[in-house]
Amino acid sequence: MHEPIGWNSGVVVDAGSSRLIFDPTSGRRLGEDWNVFITHAHSDHTHGFTTSARKHSTSETLRIYESLSKRTVKNNHTVKVGDRTRIDDTEIRVLNAGHMLGSCQFQLFAPNFSAVYTGDINCVDTLTTLAAEHEPCDYLIIEGTYGHPSYVFPRRSTIYADIIRWTMTEIGEGKLPTFQVYSSGKPQDIVRLFNVYTKVPVVCAPGIARANGAHNENGLNLEYLDSSTADGKRALRAGGCVYVTTTGRDHMPRNASRAVATGWAVRQAYRSFASFPLSSHADYDQLMQFVAEVNPKGVYIFTGYTDILSAQIERKLGIKAGPLPLLAQTKLLDFGRC
Ligand SMILES: [Zn+2]
């Protein structure tokens, strides 16, 4: 059977005469005849920005990537949610993904089929994004990061309340509550949490501060201090603040009381850390609900619990599902030339 969708260092879609790849994991071999679609600014999704191919991303994703990588991207076509772009005989529509600021899904209308590639999605509102939207399609290509029935998150408002309660307790005991996270997405949600619901100053490591700046250029209005500035250093010395950082134990202030915020905290115990199941991804229930609402003919899962989620979708929803098939290397090289 002709397979229009597969994995070869990225999600490749055979849409007839068009050469389309989504979130490539390697920049090599993708020349100017390729169209590269980048869903969001996390580093495992942004290799496409280093290629000479024509890139398609939102302005927020581009700006966050440029601020963190300190690179300038050329040949990028900026899109926004709701836009429709035509490449040869395929139309591509941009949908919100709810994963972080600027994150999007891509919906394709090829001559013989339609598809949605979700990238990473989250299906509840956060303090920095709205929940992912869902649209009907023939093939749904979806992540499965938390696609195991044991990964069901508490309500987000409950997690936010737990974070604030823990933080206030630590400050009351003279500690420096310190969140260790990646640079973009979740740290901005944490900064906004303290901005909106408390008067506690937030100090951020320089990389996170750069990402905060890119978020503020896109209307988020985060209030924070950069830990590398005199004001930031003074606040850390004085205490009574929150510290958000990417760095490890070696660079921790002595009075740091460390916490992680990750969906893995649902099942995993962390020694010497407080942990909160605050995630930028959909949990198992959200993924199943999303698939049910899209109700495609077939589901391809490209990461995470691919086999377990496939089995659950087939058994509970009666929709054909499986891991995204690997395309042969020659298929990538020959793709679009036959
Ligand atoms: Zn991501």
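Tutor: Start with E10 and strand E11 (residues 139-144), which pair in the parallel sense over 3 bridges. This is a predicted model.

Student: Which residue in E11 is the bridge partner of Val116?

Tutor: Leu140 is the bridge partner of Val116 there.

Student: And how do E9 and E10 pair, parallel or antiparallel?

Tutor: E9 and E10 are antiparallel, with 4 bridges. The two form a hairpin, and 4 residues sit between them. Val116 of E10 has Gln107 opposite.

Student: Are the faces of strand E10 covered or open?

Tutor: Both faces of strand E10 (residues 114-117) are covered. Ser114 and Val116 are buried on one side, and Ala115 and Tyr117 are buried on the other.

Student: There is a glycine I wanted to ask about. Where does Gly98 lie?

Tutor: Gly98 is in the loop between strand E8 (90-96) and strand E9 (104-109).

Student: Buried or exposed?

Tutor: Gly98 is buried, and its relative accessible area is 0%.

Student: What does Gly98 touch, leaving out residues up to four places away in sequence?

Tutor: Gly98 then touches Ser103, Asn122, Thr129, Leu130, Ala131, Ala132 and Ser280.

Student: How far is Gly98 from Val79?

Tutor: Their C-alpha atoms are separated by 16 Å, and the two residues are 19 apart along the chain.

Student: Change of topic: the open sheet. What is the strand order?

Tutor: The open sheet has 6 strands in the order E14-E13-E15-E12-E16-E17, with parallel pairing. Strand E14 (225-226) and strand E17 (274-276) are the edge strands, each pairing on one side only.

Student: How many bridges join strand E12 to strand E15?

Tutor: 3 bridges join strand E12 (residues 176-180) to strand E15 (residues 242-245), and the two run parallel. Thr178 stands opposite Tyr243 in E15.

Student: Now backbone angles. Which value is phi of Asn75 near?

Tutor: Phi of Asn75 is near 60°, which is positive in a residue other than glycine. Most residues other than glycine have a negative phi. Asn75 is in the loop between helix H1 (59-69) and strand E6 (76-79). Its relative accessibility is 40%, so Asn75 counts as partly exposed.

Student: And what about phi of Asn295?

Tutor: Phi of Asn295 is also positive, near 50°. Asn295 lies in the loop between helix H6 (284-294) and strand E18 (298-304).

Student: Why does Asn295 count as exposed?

Tutor: Asn295 has a relative accessible area of 54%, and exposed means over 50%.

Student: Let's zoom out. How many helices and strands does the chain have?

Tutor: The chain has 8 helices and 19 strands. The radius of gyration is 21 Å, close to the 20 Å that the globule rule gives for 338 residues, so the chain is as compact as a globular protein of that length.

Student: What box do the C-alpha atoms fill?

Tutor: The box is roughly 65 × 45 × 35 Å along the principal axes.

Student: And burial for the whole chain?

Tutor: Of the 338 residues, 55% count as buried. The accessible surface of the chain is about 14900 Å², and 48% of that belongs to carbon and sulfur atoms.

Student: What share of the contacts with a separation of 6 or more comes from residues 24 or more positions apart?

Tutor: That share is 58% in this chain.

Student: Last one: how far apart are the mean positions of the charges?

Tutor: The mean positions of the 35 positive and 33 negative charges are 7 Å apart.

Definitions and conventions:
Residues are numbered from 1 along each chain as its sequence is written. This is a predicted model: local features need pLDDT of at least 70, side-chain atom pairs count only at pLDDT 80 or more; totals for chains, interfaces and linings use all residues. Side-chain values use heavy atoms; hydrogens and water are left out. The radius of gyration is taken over C-alpha atoms; the globule rule is 2.2 Å times the number of residues to the power 0.38. Buried means under 20% relative accessible area, exposed over 50%, partly exposed in between (1.4 Å probe, protein chains only). Contact means heavy atoms within 4.5 Å. Accessible areas come from the Shrake-Rupley method with a 1.4 Å probe; for residues, only the protein chains shown count as cover. Lys and Arg count as positive and Asp and Glu as negative; His and the chain ends are not counted. The place of a charge is taken as NZ of Lys, CZ of Arg, CG of Asp or CD of Glu. Two strands pair if DSSP finds at least two bridges between them.
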